Amino acid sequence: MRIIYLHQYFNTPEMPGGNRSFQMARRFVEWGHEVEMITSLREGDDMNRRDWFTTEEAGIRVHWLPVRAGNAVGFRERIMGFCKFAWKASKRAAEIDGDIIFATSTPLTIAIPAIYAQRKRKLPMVFEVRDVWPEAPIQMGVLKNPLLIAAARRLERAAYRYSKAIVALTPGMKDGVMKSGVPESKVTVIPNSSDLDMFSPEIDGSEMRKRFGLEGRFVFLYFGTHGKANGLDFVLDAAAVLQRRGDEKIAFILHGRGMERDNLKRRA
């Protein structure tokens with residue numbers, strides 16, 4: 001089976017960010033399927049390219065489109081990046097022969113090329129919900145324009161309607177999908193997991209602890225995106241409380257990148 005896999009934020013293990021799609025796709029390949037991954041490139045030397053280019057990653061054929069739409073750029077620039085990718089990915093996906101379309105959000109605009117290719121190719125489509133859009137940006141106050149909210153809700157309903165099946169990452173996300181009128185039988189929860197082969201407990205971390213002054217301390221580590229949705233000011237609030245109490249046995253480390261990183265550094 002050939003799978004047309006759409007994920008705007010696809011990452012290999014060498015890239016910063018989550019790699020759920022990579023791990024799933026490489027296993028599809030190991031099971032004898034072909035995977036055509038359609039994604040965007042957000043940084044690196046190849047950002048000077050103007051159009052699509054392809055690479056092979058662990059047997060996955062990856063179609064890259066350079067688009068600045070990562071967590072480090074502003075909201076408006078990200079929206080423009082989402083639209084550019086949706087437009088170009090629609091044509092790209094429709095050009096590829098396949099047996100099934102698998103599209104994973106966010107952003108919700110990934111549904112545009114998925115639906116376009118599904119209608120053009122008459123293929124079954126699976127839609128994976130990683131976050132309940134547009135509800136998340138609405139609650140955060142990022143998406144305020146009534147017309148944009150209405151358009152986003154309409155796109156959400158269309159993504160569910162044209163899907164043969166829907167994957168939700170958590171029971172809460174499943175509930176959010178069902179609130180849109182989707183029958184429970186159409187939604188399956190497949191949560192994130194940990195690949196133990198990627199971790200090596202045999203590595204001695206004493207040198208790292210010594211370098212950062214962490215010897216004898218309990219370490220609270222956040223490893224991920226520094227964005228508005230992540231609410232990392234709450235972690236700094238907790239650290240400030242402990243600091244006022246004179247408790248130096250607990251250390252807080254925030255590692256990653258995102259549009260809030262500089263603000264968090266200044267506040268820390």
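I started with the side chains of Asp97 and Arg121, which are joined by a polar contact of 2.7 Å (an N or O pair within 3.5 Å; within protein, one atom must be able to donate a hydrogen and the other to accept it, and residues adjacent in sequence count only if both atoms are side-chain atoms). This is a predicted model, so I kept in mind that local features need pLDDT of at least 70 and side-chain atom pairs pLDDT 80 or more, while totals for chains, interfaces and linings use all residues. Numbering runs from 1 along each chain as its sequence is written, and side-chain values use heavy atoms, with hydrogens and water left out.

Next, where does Asp97 sit? I found Asp97 in the loop between H2 and E5 (helices, H or I, of at least four residues and strands, E, of at least two are DSSP runs, numbered from the N terminus). Asp97 counts as partly exposed because its relative accessibility is 48% (buried is under 20%, exposed over 50%, partly exposed in between, with a 1.4 Å probe and protein chains only). Arg2 is 95 residues away from Asp97 in sequence, yet their C-alpha atoms are 7.7 Å apart.

Then I looked up the largest nonpolar core, which has 39 residues (buried Ala, Val, Leu, Ile, Met, Phe, Trp, Tyr and Cys joined through side-chain atoms within 4.5 Å). Phe85 and Ile38 are among those with the most contacts inside it. Helix H2 (75-95) and strand E5 (100-104) are among the elements that each supply at least two residues. Another core, of 19 residues, lies apart and includes Met37 and Trp64.

Last, I checked His226: buried or exposed? His226 is buried, at 2%, in the loop between E9 and H8.
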